Amino acid sequence: MYRMIFTVDVEDWFTNGRSIQIDSWDGYELKVEQNVYKILDLLEMHKVKGTFFILGWIAYKRPNLVREIYQRGHEIASHGYSHMLVYTQSYDEFRQDIRKSKILLEDIIGEGVYGY
């Protein structure tokens with residue numbers, strides 16, 4: 001039997017934290033769900049579990065998606081909230097971003113979130 005670690009970054013194309021800032025993300029159509037469901041179905045078919053690093057903003061917009069990932073037995077981890085590049089943030093901005101994402105994800109699944 002082979003062992004491997006499988007992770008997924010749950011974000012959308014416009015949430016890259018570089019060219020398009022978070023204050024305009026609401027103007028874009030979210031397409032992340034259809035792709036995540038395809039991945040979930042493939043993983044289920046092959047009896048594979050993974051860690052899903054979920055962008056906080058996506059979790060806020062699609063809490064049912066986060067619940068579905070969790071209910072299918074996958075680990076939920078934080079990908080930050082706003083996907084800002086770490087080297088562009090102050091220590092306090094970075095800490096607030098992580099905290100916001102962690103609290104949101106924990107509220108959605110009702111369990112602790114430890115991965116980042």
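Analyst: A residue counts as buried under 20% relative accessible area and as exposed over 50%, with partly exposed in between. The model discussed here is predicted.

User: Why is Ser82 called buried?

Analyst: The relative accessible area of Ser82 is 11%. The limit for buried is under 20%, so Ser82, at 11%, is classed as buried.

User: Where is Ser82 found, and which residues is Ser82 in contact with beyond its neighbours within four places in sequence?

Analyst: Ser82 lies in the loop that runs between β3 (75-78) and α4 (91-109). With neighbours within four places in sequence set aside, Ser82 contacts Ile22, Trp25, Leu55, Gln89 and Asp97.

User: What makes the link between the side chains of Ser82 and Asp97 a polar contact?

Analyst: The two side chains are joined at 2.8 Å. A polar contact requires a pair of N or O atoms within 3.5 Å, so the pair of Ser82 and Asp97, at 2.8 Å, is within that limit.

User: Why are α1 and α3 called roughly parallel?

Analyst: Helix α1 (residues 32-45) and helix α3 (residues 63-71) pack at an angle of about 5°, and their axes are 11 Å apart. Angles under 35 degrees count as roughly parallel, and α1 and α3 are therefore placed in that class. On the α1 side the contact is made by Val32, Glu33, Val36, Tyr37 and Leu40, and on the α3 side by Leu65, Glu68 and Ile69. Divided by class, this contact has six nonpolar residues, two charged residues and no polar ones.

User: How do you know that Tyr37 is partly exposed?

Analyst: Tyr37, a residue of helix α1, has a relative accessible area of 28%. Not counting residues up to four places away in sequence, Tyr37 touches Leu65, Glu68 and Arg72. Tyr37 and Leu65 are 28 residues apart in sequence, with a C-alpha to C-alpha distance of 8.6 Å.

User: What makes the pair of Asp26 and Lys61 a salt bridge?

Analyst: The side chains of Asp26 and Lys61 meet at 2.7 Å, N to O. The rule asks for a nitrogen of Lys or Arg within 4 Å of a carboxyl oxygen of Asp or Glu, so this pair qualifies. The pair links distant parts of the chain, with Asp26 in the loop between β1 (7-10) and α1, and Lys61 in helix α2 (residues 56-61), 35 residues apart.

User: Why does Asp26 count as exposed, and why does Lys61 count as partly exposed?

Analyst: Asp26 has 56% relative accessibility and so counts as exposed, the limit being over 50%. Lys61 has 27% and therefore counts as partly exposed.

User: How do you know that Arg72 forms a salt bridge with Glu44, and why does Arg72 count as buried?

Analyst: The closest N and O atoms of Arg72 and Glu44 are 3.4 Å apart, and the salt-bridge limit is within 4 Å. Arg72 has 18% relative accessibility and so counts as buried, the limit being under 20%. Asp41, Glu44, Glu68 and Arg72 are linked in a network of salt bridges.

User: How many salt bridges does this rule give?

Analyst: The count comes to six. Among them is the pair of Arg62 and Glu33, at 2.8 Å, N to O.

Note on methods
Residues are numbered from 1 along each chain as its sequence is written. This is a predicted model: local features need pLDDT of at least 70, side-chain atom pairs count only at pLDDT 80 or more; totals for chains, interfaces and linings use all residues. Side-chain values use heavy atoms; hydrogens and water are left out. Axes are lines fitted to C-alpha atoms, for helices over the stretch in contact, and angles run from 0 to 180 degrees between N-to-C directions. Helices (H or I, at least four residues) and strands (E, at least two) are DSSP runs, numbered from the N terminus. Angles under 35 degrees count as roughly parallel, over 145 as roughly antiparallel, 65 to 115 as roughly perpendicular and the rest as oblique. Contact means heavy atoms within 4.5 Å. Ala, Val, Leu, Ile, Met, Phe, Trp, Tyr, Cys and Pro count as nonpolar, Asp, Glu, Lys and Arg as charged, and the others, Gly among them, as polar. Buried means under 20% relative accessible area, exposed over 50%, partly exposed in between (1.4 Å probe, protein chains only). A polar contact is a pair of N or O atoms within 3.5 Å; within protein, one must be able to donate a hydrogen and the other to accept it, and residues adjacent in sequence count only if both atoms are side-chain atoms.
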